[in-house]
Amino acid sequence: QVQLAQSGGGLVQPGGSLRLSCAASGDNVGNYNMEWYRQAPGKQRELVATVSTILTNYADTVKGRFTISKDNAKNTVYLQMNNLKPEDTAVYYCRAWRILRGEYWGQGTQVTVSS
């Protein structure tokens, strides 16, 4: 019932910035806990950032560099990524979930950090 459409990935040099978008349809992102995950080849899926109500949480590897935010008017969740490092290279996925409502995943967006 909820579709999550991601955009904003691409190739960026180390130290650069990207903003990922996750646009929801079928329900309001304000009704859900929103998360960003990433997965690099041969590695486990990693939780990058979470926003629920007014609280945010970040993986230690991205803390201070990444910011998760919601725009309820646009029904979109963002991941602002600054000071990108080669180890940030991965496929990034957004996830929406709420107790007794289920979970939904975006299609994934490739982020490559390389010179």
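Is Asn75 buried or exposed? Asn75 is buried, with a relative accessible area of 14%. Buried here means under 20% relative accessible area, exposed means over 50%, and partly exposed lies in between (1.4 Å probe, protein chains only).

## Basis of the model

This is a predicted model: local features need pLDDT of at least 70, side-chain atom pairs count only at pLDDT 80 or more, and totals for chains, interfaces and linings use all residues. Residues are numbered from 1 along each chain as its sequence is written, and side-chain values use heavy atoms, with hydrogens and water left out.

## Asn75 and its contact

Asn75 sits in the loop between β7 (66-71) and β8 (76-81). Strands (E, at least two residues) are DSSP runs, numbered from the N terminus. A polar atom of the Asn75 side chain lies 2.7 Å from the backbone nitrogen of Val29.

## The disulfide

How many disulfides does a search of the whole structure find? It finds one. The criterion is a pair of cysteine sulfur atoms within 2.5 Å. The partners are Cys22 and Cys94, with sulfur atoms 2.1 Å apart. Cys22 lies in strand β3 (residues 18-25) and Cys94 in strand β9 (residues 90-98), so the pair ties together parts that are 72 residues apart in sequence.

The torsion about the S-S bond of Cys22 and Cys94 is about 60°, so the disulfide is right-handed. Both cysteines, Cys22 and Cys94, are buried.

## Glu35 in strand β4

Glu35 belongs to strand β4 (residues 33-39). Glu35 is buried, at 6% relative accessible area. Its side chain makes a polar contact of 3.3 Å with the side chain of Tyr37. The side chain of Trp97 also has a polar contact with that of Glu35, again listed at 3.3 Å. A polar contact is a pair of N or O atoms within 3.5 Å; within protein, one must be able to donate a hydrogen and the other to accept it, and residues adjacent in sequence count only if both atoms are side-chain atoms.

## Salt bridges

The structure holds seven salt bridges. Each is a side-chain nitrogen of Lys or Arg within 4 Å of a carboxyl oxygen of Asp or Glu. Arg38 pairs with Glu46, the closest N and O atoms being 2.8 Å apart. Arg38 is buried, at 6% relative accessible area. Glu46 is partly exposed, at 27%. A network of salt bridges links Arg38, Glu46, Arg65 and Asp88.

Glu103 and Arg95 also meet in a salt bridge (2.7 Å, N to O). Glu103 is partly exposed, with a relative accessible area of 42%, whereas Arg95 is buried at 15%. Asp60 forms a salt bridge with Lys63, with the closest N and O atoms 3.2 Å apart. Asp60 is exposed, at 65% relative accessibility.

## The cavity

The structure holds one cavity of 30 Å³ or more. On a 1 Å grid over the protein atoms alone, a cavity is a set of points where a 1.4 Å probe fits but cannot get out, and lining residues have an atom within 4 Å of a point. Grid points are joined across faces, edges and corners, and a volume is the space filled by probe spheres set on the points. The largest cavity has a volume of about 30 Å³.

Its lining comprises Val2, Leu4, Ala24, Asp27, Asn28, Val29, Tyr32, Met34 and Ala96. By class, the lining of the largest cavity has seven nonpolar, one polar and one charged residues. Ala, Val, Leu, Ile, Met, Phe, Trp, Tyr, Cys and Pro count as nonpolar, Asp, Glu, Lys and Arg as charged, and the others, Gly among them, as polar.

Terms used. Helix = DSSP H or I, 4+ residues; strand = E, 2+ residues; numbered from the N terminus. 1 Å grid on protein atoms, 1.4 Å probe; cavity = no way out; pocket = protein on both sides within 12 Å on 5 of 7 lines; lining within 4 Å.
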